[in-house]
Amino acid sequence: MDISFWGVRGSLPTPITPQQIQSKIIAAVQRITPADIESAETRQKFLSNLPEWIFGTTGGNTPCVVITDGNTKIILDCGTGLRVFGKEEMKTNNHNYHILLSHFHWDHIQGLPFFDPAYCKDTNIDFYTPFPAAKQLLEKQMSKPYYPVTFDSFTKNFNFHTIQRGETFTIGDIQVDFCKMSHPGNSYSYAFSKNGKKVVYATDVELKSQDFDRNEQSEKVFKDADAIILDSQYTVEEAYKKVNWGHSAFCYAIDFAVHWNIKELYLFHHEPTYDDKKLSSILQAARWYAQYINHSDIKIYLAKESKSFTL
């Protein structure tokens with residue numbers, strides 16, 4: 001399974017600002033020495049050694065993660081990252097997709113009207129969701145006065161599958177399990193397993209004590225996963241101030257991953273007010289925290305657009 005990030009921000013799209021670009025340039029210039037500009041080779045080496053928060057960006061699109069396994073393409077949430085993924089997909093001939101939505105808050109569905117393959121008559125899309133009214137909910141955002149193009153303009157090959165709590169189902173050769181999490185309006189986490197490997201997608205969750213309880217469904221989803229993509233929107237201070245907002249602090253995400261013996265944690269659903277430097281500092285703090293609780297063996301990464309990993 002190949003897992004790629006197309007949108008990693010929470011709440012709303014966050015374009016990089018002119019001020020942030022200027023700050024990156026200033027930070028880069030301050031690091032230059034005469035030896036760094038002697039030749040094309042030294043200049044390239046200088047650039048490649050810059051911190052990632054300077055020479056790159058986490059990205060500003062709202063959630064969209066894609067799992068690819070052979071010809072099987074599973075889309076997790078339809079944030080604005082879906083638009084970018086769709087542009088790339090128009091260069092391919094395989095327009096068959098399986099879409100799973102965590103929930104229907106706007107930042108997780110607003111990319112669907114801009115998903116180019118959905119307007120191709122030969123495209124096939126299967127939706128899997130615990131929400132029986134999924135089709136009606138998606139149609140609403142594509143109605144006047146909110147959007148000028150209606151849902152009926154999409155391919156006619158849309159199929160909606162209502163999945164039941166406790167049910168295990170398959171997509172291609174991948175087994176899928178899911179469970180409900182704490183979030184206003186409900187949100188669902190999904191586990192994808194194949195050949196003894198498991199990745200979990202758990203966005204928009206405010207971790208609570210019951211999420212650490214061991215029961216049959218939670219163990220199916222979380223226990224011994226190889227990797228988890230987990231809501232880590234806040235610092236602890238912000239989490240205290242925003243109780244019941246539906247998101248977690250990064251240190252709680254680490255506690256959760258360690259509790260379920262998960263090997264790799266991808267911090268996800270980044271706070272829209274955080275710039276790249278702030279997110280880099282959070283990643284460093286997360287790694288320090290993991291060492292502090294004597295679990296330095298867990299690998300912690302920042303989910304970034306255009307990045308991917310393989311299980």
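A crossing of two helices is called left-handed if the near helix is turned anticlockwise from the far one by less than a right angle, and right-handed if clockwise. The model is predicted, so local features need pLDDT of at least 70 and side-chain atom pairs count only at pLDDT 80 or more, whereas totals for chains, interfaces and linings use all residues. Residues are numbered from 1 along each chain as its sequence is written, and side-chain values use heavy atoms, with hydrogens and water left out.

**Packing of α7 and α8**
- α7 passes α8 in a right-handed crossing, and the contact (heavy atoms within 4.5 Å) is made by F250, C251, I254 and D255 of α7 and I282, A285, A286, Y289 and A290 of α8.
- The axes, which are lines fitted to C-alpha atoms over the stretch in contact, lie 10 Å apart at an angle of about 40°.

- The buried residues are F250, C251, A253, I254, F256, A257 and V258, and their cover includes α5 (216-222), β11 (227-231), α6 (236-241), β12 (264-268), α8 (276-292) and β13 (299-302).
- N261, which follows α7, has a positive phi near 55°.

**Cysteines**
- The structure holds zero disulfides (pairs of cysteine sulfur atoms within 2.5 Å); for C78, the nearest cysteine sulfur is that of C64, 6.6 Å away.
- C78 counts as buried at 1% relative accessibility, as does C251 at 9%.

Definitions and conventions. Buried < 20%, exposed > 50% of the residue type's maximum accessible area, 1.4 Å probe, protein only. Helix = DSSP H or I, 4+ residues; strand = E, 2+ residues; numbered from the N terminus. Axes fitted to C-alpha atoms, helices over the stretch in contact; angles between N-to-C directions.
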